[in-house]
Amino acid sequence: MAAVDVIVDNLVTLRRAPAARHYLHWILLLITIVGYFVKLAWGWTLLLLTPFLLLSNSSFGRSVSFLIQRMLSLVVATAIWYACTSTFFYIEGVTGLCFESRTMGAINEEFTSIKDCKQAGFHWHGYDISGHSFILAYASLFIMEETEPMASLKTVYLSALPRMILKLLYVALHLMLVIWVWMFICTSVYFHDPSHKLVGTVCGLLGWFLTYRVWYLKPLSPGLPPQHHLKAQEE
């Protein structure tokens with residue numbers, strides 16, 4: 001009981017804090033905005049990672065061909081994102097039916113596509129692989145891999161402005177990573193059937209593994225980030 005009393009006292013103290021009462025509505029609004037933010041997860045990820053890759057990889061003083069090669073990782077990642085999300089949408093279409101209500105009582109056989117069904121005000125039900133689970137898992141791993149060179153950049157000479165920009169991008173990317181992981185947790189707890197989330201997550205993990213742990217170790221590939229490249233050579 002003593003432990004419970006301590007918890008209650010701490011909660012009462014927290015409730016007395018002005019921020020807990022005066023800013024809760026703003027916190028809820030911020031969460032709602034972040035929830036919409038995740039719908040454009042891949043666009044935001046590319047928006048920050050593209051300049052970070054340009055600056056971080058060019059800072060090692062290698063050739064232009066090396067920089068172009070490394071930037072191809074963005075093209076490959078975007079191709080994986082597009083292929084997977086398009087496949088998810090296709091699977092939902094071919095496995096689904098158009099129902100006149102969410103209770104899935106009467107089937108409307110007039111509409112055979114998701115677009116036509118929803119435009120008519122009905123509800124499409126198919127095998128809906130979680131695109132959110134996929135993109136949040138894949139984007140998080142993508143950010144982790146491509147920000148690895150920052151540790152080595154501490155010993156690389158950079159002028160003040162590029163170094164400051166890199167630092168700001170690095171911090172922003174890690175804030176984004178926290179958001180993606182948090183939204184992944186929320187998706188895992190509240191949305192989709194378990195199998196839909198599992199398949200989406202496994203697709204994200206496979207996209208990362210087959211590139212950064214298999215293909216990018218080969219000569220004909222975008223290659224690993226410089227820090228990874230050095231580690232692979234040492235091993």
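Helices, in the sense used here, are DSSP runs of at least four residues, numbered from the N terminus, and V202 is found in the one called helix α10. The model is a predicted one, and this briefing looks at its salt bridges, of which the structure holds 2, and at a nonpolar patch on the surface that includes V202.

**The salt bridge between R70 and E146**

- R70 forms a salt bridge with E146, and the closest N and O atoms of the pair are 2.9 Å apart.

**The salt bridge between R213 and E145**

- R213 forms a salt bridge with E145, with 3.1 Å between the closest N and O atoms.
- Here too distant parts of the chain are linked, because R213 belongs to helix α10 (residues 194–214) and E145 to helix α7, 68 residues apart.
- R213 has a relative accessibility of 37% and therefore counts as partly exposed, whereas E145, with a relative accessible area of 5%, is buried, the cut-off for buried being under 20%.

**The nonpolar patch on the surface**

- L198, V202, L206, F209, L210, V214 and W215 form a nonpolar patch on the surface, and together they have about 610 Å² of accessible area.
- V202, one of the residues of this patch, has a relative accessible area of 36% and so is partly exposed, a class that lies between the cut-offs of 20% and 50%.

Technical notes
Residues are numbered from 1 along each chain as its sequence is written. This is a predicted model: local features need pLDDT of at least 70, side-chain atom pairs count only at pLDDT 80 or more; totals for chains, interfaces and linings use all residues. Side-chain values use heavy atoms; hydrogens and water are left out. A salt bridge is a side-chain nitrogen of Lys or Arg within 4 Å of a carboxyl oxygen of Asp or Glu. Helices (H or I, at least four residues) and strands (E, at least two) are DSSP runs, numbered from the N terminus. Buried means under 20% relative accessible area, exposed over 50%, partly exposed in between (1.4 Å probe, protein chains only). Patches are made of residues with over 30% relative accessible area and no salt bridge: like charges are joined within 9 Å, nonpolar side chains (Val, Leu, Ile, Met, Phe, Trp, Tyr) within 5 Å. Accessible areas come from the Shrake-Rupley method with a 1.4 Å probe; for residues, only the protein chains shown count as cover.
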